Structure formats: C-alpha cells, structure tokens
Amino acid sequence: MIIVRLALQSLANRWLTACLTILSIALSVMLLLGVEKVRTGARQSFANTISGTDLIVGARSGNLNLLLYSVFRIGNATNNITWKTYQDIKQHPDIAWIVPISLGDSHRGFRVMGTVPEYFTHYHYRRGQPLAFSAGAPFSDLFDAVIGADVAAQLGYRLGDRIVVAHGAGAVSFLEHDDKPFRVSGILAKTGTPVDRTVHVSLEAIEAIHVDWQSGARDPTKAVSADDVRRMDLTPKAITAAFVGLKSRLAAFRVQREINNYRQEPLSAILPGATLQELWGLVGTAETALSAVSGMVVITALLGMVTMILTTLNERRREMAILRSVGARPSTILSLLVVEAGVLTLLGVLVGTLLLYGALIGLQPYIDRTYGLHIAVDAPSVDQLKILGGIVAAGFFAGLLPALRAYRLSLADGMTVRT
Amino acid sequence: MKMLRTIPLAALLSACAASASQADEHRQLGAHVHGHGKLNIAVEKNVLAIELEAPGADIVGFEHEAATAEDKTKLEKAKATLEKGLELFTPDSAAGCKQTSVKVALEAEHEDEAEGKGKEEHAAKAKDQKDDHDHEEGEHHHSEFHVEYAFECAAPDKITNLTFGYFKAFPNAQELDVSVIAPKGQSSYEVKKDKPKLELKGVM
C-alpha cells in the first residue's frame with residue numbers, strides 16, 4: 001500500500017506530465033469505446049431502416065438489389081411488376097396488407113416514389129415506429145406530394161409550395177413534367193432512413209404525369225392538361241415493388257416460396273430484415289478497420305506513457321537513490337514504477353469512460369436529430385469491460401520496461417549520482 | 001419448280017410456329033448446391049416452425065432414384081433421422097419445446113424438363129427411366145429433401161441458442177443458410193459444420 005502512496009505522491013510532483021499522459025490515454029479510450037458505440041448504433045439504425053414489413057416483392061433479381069432499390073432507393077429495378085400480378089398477390093389469403101411503390105422519376109436529385117396513402121401507416125422503422133408528419137397530411141388530391149424531412153430542409157420547402165417532378169432518376173434532368181406541378185401537402189418528421197430523402201406522390205399521379213408521354217418524351221400533339229387528366233382512368237399499368245405484411249409470421253416462408261414460384265411472372269420475394277443483415281455483412285468490413293484503428297490509438301497512448309516514464313527516469317535517479325538509502329530494496333523500486341504506470345492507465349481509462357458518457361448524454365439528441373443515428377446510452381458490455389481491463393493490465397505490463405531499467409540502474413548506481 | 005420451292009418454305013414456317021408455341025411453356029429451376037442447405041425458422045406465440053431444405057447429396061449421399069436395396073435402406077434410415085427434429089436442431093431446454101408434427105418429403109428435379117407439372121409426376125417419370133439416369137445422357141437428377149417441423153414451446157423467448165446435431169447426423173452437409181423470423185424481427189445467419197451452434201440471444 002505504501003508503494004501506491006509513494007507512486008501517487010511521486011506523480012503529484014510531476015502533475016503536469018502525469019495529467020497530459022492521463023489525458024492522452026483517456027482520449028484514446030474514449031475513441032475506442034466511442035467507435036464501438038457508433039458502430040453498434042449505426043448497425044442498429046441500419047437494421048431499423050425498415051421494420052414491420054414481412055416481405056418485399058419485386059421483379060426477379062438478387063436479394064440485395066431488390067432491397068437497395070426498394071428501400072434505399074439505390075440503383076434501379078431490373079423490371080416492373082404488372083398491375084395484374086400485383087392484384088393477384090393482393091388476393092393471397094395470408095396477406096394482411098400490401099403497399100405498392102413505383103419509382104423512376106426524381107425531383108432535384110431526390111427520388112420520387114409513387115405509392116398509396118396506406119404507405120404512411122404501414123411503413124415502420126426503428127422497432128415498429130410509424131412515420132409521423134411534422135406538418136400537413138397524406139395526399140388527398142391527385143397532385144399532392146408528401147416530402148421527407150431532408151428534402152424539406154435542403155430545398156427549403158414548406159406546405160403548399162409547388163414542385164415540378166423531373167423525368168428519370170438523374171440529379172439534373174432536361175425533361176420535366178412542368179405541365180403538371182405538385183403541391184406539397186405534407187412533410188414527414190426526420191426518421192434517419194431513406195424516407196427522409198424521398199418525395200412521395202400517389203400512384204395515380206405517376207400515371208397521370210406520364211399520360212401524354214411516349215417513348216421517354218412528351219408528345220405535344222397528345223398533350224393532356226392537368227384538369228383533363230383527372231377525368232381519365234389512372235389505374236397504373238405497372239409498379240416497381242410492393243411491401244407486404246402478413247397475418248402470421250409462420251406463413252412468411254411459405255408465401256415467399258409461392259411468390260418466387262409464381263408462374264405468370266418471374267418475381268422475387270425477400271425478407272427485408274434478413275437481407276439487411278446480409279448487406280451489413282458487406283459493409284461490415286469497414287467497421288473492423290475502424291476498430292483496428294482505434295486499437296492502434298490506444299497502443300500509441302500506452303507507448304507515450306512508457307516514453308514519459310522512461311525520459312523522467314534520469315531526473316529521478318536522486319529520488320531512487322534516496323529511497324534506496326532509507327531502505328527500499330531494488331524490487332521496491334521496480335514495483336513502484338509498475339504501479340505508477342498502472343495508476344496512470346487506470347486513471348486514463350476511468351476519465352476516458354466518463355468523458356465518453358458525458359459526451360454521449362450531451363450529444364445524443366443532436367446526433368439523433370441531424371444524422372438519424374440513434375446511439376444508445378447504456379452500460380458498457382461485458383466485452384467492452386474486458387477490453388478496458390485488458391488496457392489497464394497492458395498499462396501495468398508496459399510499466400515493466402522503465403521499471404526494469406530503474407531496477408538495473410538502482411543496483412548499478414548505488415547511492416552515488418554521477419553528473 | 002416454283003411449287004417445289006414453296007413447300008419447304010411452308011414447312012419451315014409451320015416449324016417456326018411450332019417452336020414459338022413451345023417457347024410459351026414455363027421453364028425455371030431453383031439453385032441447387034451440394035453441401036449447402038437452407039433452414040427457415042419462424043416463431044409466433046408458442047409455435048416454433050422450422051423448415052429444412054437440403055440437397056439429397058447431403059442427406060443420403062446420392063440424388064438418383066433409390067434403385068438398389070442398399071439405397072432404399074439408406075433412404076429409410078435418413079427419413080427416420082430427419083423425423084427426430086429435436087435431435088437435429090436442439091433449442092435450450094429452458095424453452096420447453098416439444099415436437100408436434102413433422103413432414104418429410106423428397107422432391108426430384110430434372111434439368112432437361114423442368115416443366116413443373118408437379119413434382120410427383122417427375123418422380124414417377126424418373127422411375128420409368130431409372131436405367132438411363134447417367135450424367136452422360138445429358139440429364140442431371142437433383143433431389144431435395146424438404147422437411148417441415150412444428151414445435152410447441154412453453155417459453156420460446158428463452159431460446160438463446162440452437163445446437164445443430166444435423167451436421168453430425170449427416171456428415172455430407174457442410175453449411176446451412178439460416179433465416180429467422182422472430183417477434184423482434186428478421187435475421188439471417190450461416191451455420192457451418194465446424195461450429196454447429198447458432199446464437200439467438202436477443203432475437204426471440
């Protein structure tokens with residue numbers, strides 16, 4: 001115990017360097033734990049992009065492709081589904097609800113998605129949280145649009161604003177549906193999912209803006225005005241994909257198989273949650289790299305501490321000599337320095353953990369709001385505690401290097417100080 | 001002379017029409033990888049449903065029609081093993097699961113005529129021509145086991161892992177792609193022969 005007191009007092013004597021060492025260890029520990037927190041948070045947010053949907057149905061393609069275009073609006077559909085097939089699937093006795101979506105147009109870089117009003121009640125994210133409107137309501141008129149939070153924030157739109165949808169999914173388009181502008185009828189609250197970056201319109205509206213188009217361009221001879229189009233039959237001919245909710249989870253695999261074997265049209269049905277995990281498996285390599293980097297930072301901080309103790313050894317020859325003169329054995333000198341390193345690391349780990357939790361509690365609402373990344377503030381997991389314990393042990397161990405040197409010196413130098 | 005030329009043309013045209021009508025028929029075939037099976041797990045209330053799809057090569061070591069007596073006993077033995085669901089896929093005993101039903105089916109598929117009129121018919125056809133199922137004939141037989149289990153569990157939320165006796169019972173099987181649909185969401189895993197255990201902590 002006397003050794004710990006001696007070590008502490010010796011450190012107090014060099015408080016500035018000691019504090020800086022503790023701080024560097026603390027920051028490295030904070031980084032290590034922080035990366036882990038952000039990693040699990042990102043993973044959760046990612047897995048929570050869609051929930052409550054049992055199956056996603058699209059044209060026959062790979063699982064990931066279907067998930068990417070239907071949920072993340074990345075890439076394009078391989079094919080469309082005919083309206084007749086959609087009606088067929090809708091009749092399936094195991095299906096509780098089905099929400100069709102139609103993609104392909106854009107508005108200033110944001111994807112436009114045609115859907116039905118039920119989308120806003122059935123699309124859930126983050127463990128069953130439904131979509132909420134920060135202003136307005138779902139579309140009631142043919143040319144109503146509901147925009148995501150990012151669309152509203154980045155383009156500065158408010159309720160009642162007029163927007164023009166562009167043909168095709170590019171960021172810049174020269175073909176615009178400017179004869180049939182939309183009115184912003186609702187703005188969704190931030191979700192942290194691709195919904196934030198989507199302009200939602202009704203399926204009929206998608207049909208309506210393409211009524212007088214032929215082979216990718218507007219045909220001026222067949223122009224139909226926005227008023228005339230309302231009197232036309234706007235039943236869609238095709239949809240891009242559909243979200244499906246089932247009456248019982250037990251039926252999911254059976255319905256999936258039936259859809260995959262649907263004879264009239266090649267279709268794919270995927271389990272969105274399971275496919276999300278597959279996708280994360282691909283992205284997941286990056287998280288290993290992040291962990292590796294933060295591990296390196298901890299090692300660097302420990303090396304810095306060893307350097308600090310080593311460089312001060314020379315100045316402390318006198319301190320050691322006095323200790324020896326009052327009866328300290330060389331082994332006492334050894335343990336003194338090991339304890340010093342251990343105490344520095346322990347304090348560093350404690351301060352780092354406290355700093356991280358302070359930062360988390362302070363920043364969490366902000367991060368959630370701006371990035372849609374929900375980082376849970378919970379006690380460190382067993383694995384993390386093990387890592388922290390490992391760091392403290394490594395600190396003690398690293399202390400052995402200067403300690404052994406001091407041990408040798410204290411034997412060789414005896415009591416004389418050569419200057 | 002002219003007459004002679006027209007006849008072959010007409011014949012050609014009708015041949016075209018015939019092949020066009022053949023193109024209407026539906027052809028599709030699922031993927032089939034030896035050593036690689038699929039396991040679907042769904043939980044709702046107290047019911048745990050497990051579905052296994054495994055290539056015949058994994059289960060009995062062959063995929064042709066069981067012709068010899070040896071093949072037939074192998075098949076019977078495999079079916080008996082497959083029926084003991086709780087030995088192949090064992091949940092924690094704390095969950096208190098009991099098998100309530102099992103259905104073992106062997107489905108055969110032919111690459112050369114996957115018309116898909118019904119699997120039974122295929123099996124029957126395969127029986128008729130059981131002598132010429134050599135691969136040199138240009139015909140590949142694939143057979144797949146399809147097993148459906150239903151379990152009744154007292155506390156399905158206590159399932160924290162699943163032990164796979166499956167790989168011990170069927171040494172040819174290398175890997176299972178597992179999809180899980182549980183109250184807390186969907187997830188997918190890969191379970192391999194060298195680590196025949198699936199962690200399901202926090203999933204149920």
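## Contacts and fold of chain A

Among contacts in chain A between residues at least 6 apart in sequence, 79% join residues at least 24 apart. Two residues are in contact if their C-beta atoms, placed from the backbone, lie within 7 Å.

The model is predicted: local features need pLDDT of at least 70 and side-chain atom pairs count only at pLDDT 80 or more, while totals for chains, interfaces and linings use all residues. Residues are numbered from 1 along each chain as its sequence is written, and chains are lettered from A and ligands numbered from 1 in the order in which they are written.

## Overall form of chain A

Chain A has 12 helices and 16 strands; helices (H or I, at least four residues) and strands (E, at least two) are DSSP runs, numbered from the N terminus. The C-alpha trace of chain A spans about 105 × 45 × 30 Å along its principal axes.

Of the 419 residues of chain A, 38% count as buried. A residue is buried if 20 or more other C-beta atoms lie within 10 Å of its own, exposed if 12 or fewer, and partly exposed in between, with C-beta atoms placed from the backbone.

## A:Arg14

A:Arg14 sits in the loop between helix 1 (2-13) and helix 2 (15-47) of chain A. With 16 other C-beta atoms within 10 Å, A:Arg14 is partly exposed. Its C-alpha atom is separated by 78 Å from that of A:Thr85, 71 residues apart along the chain.
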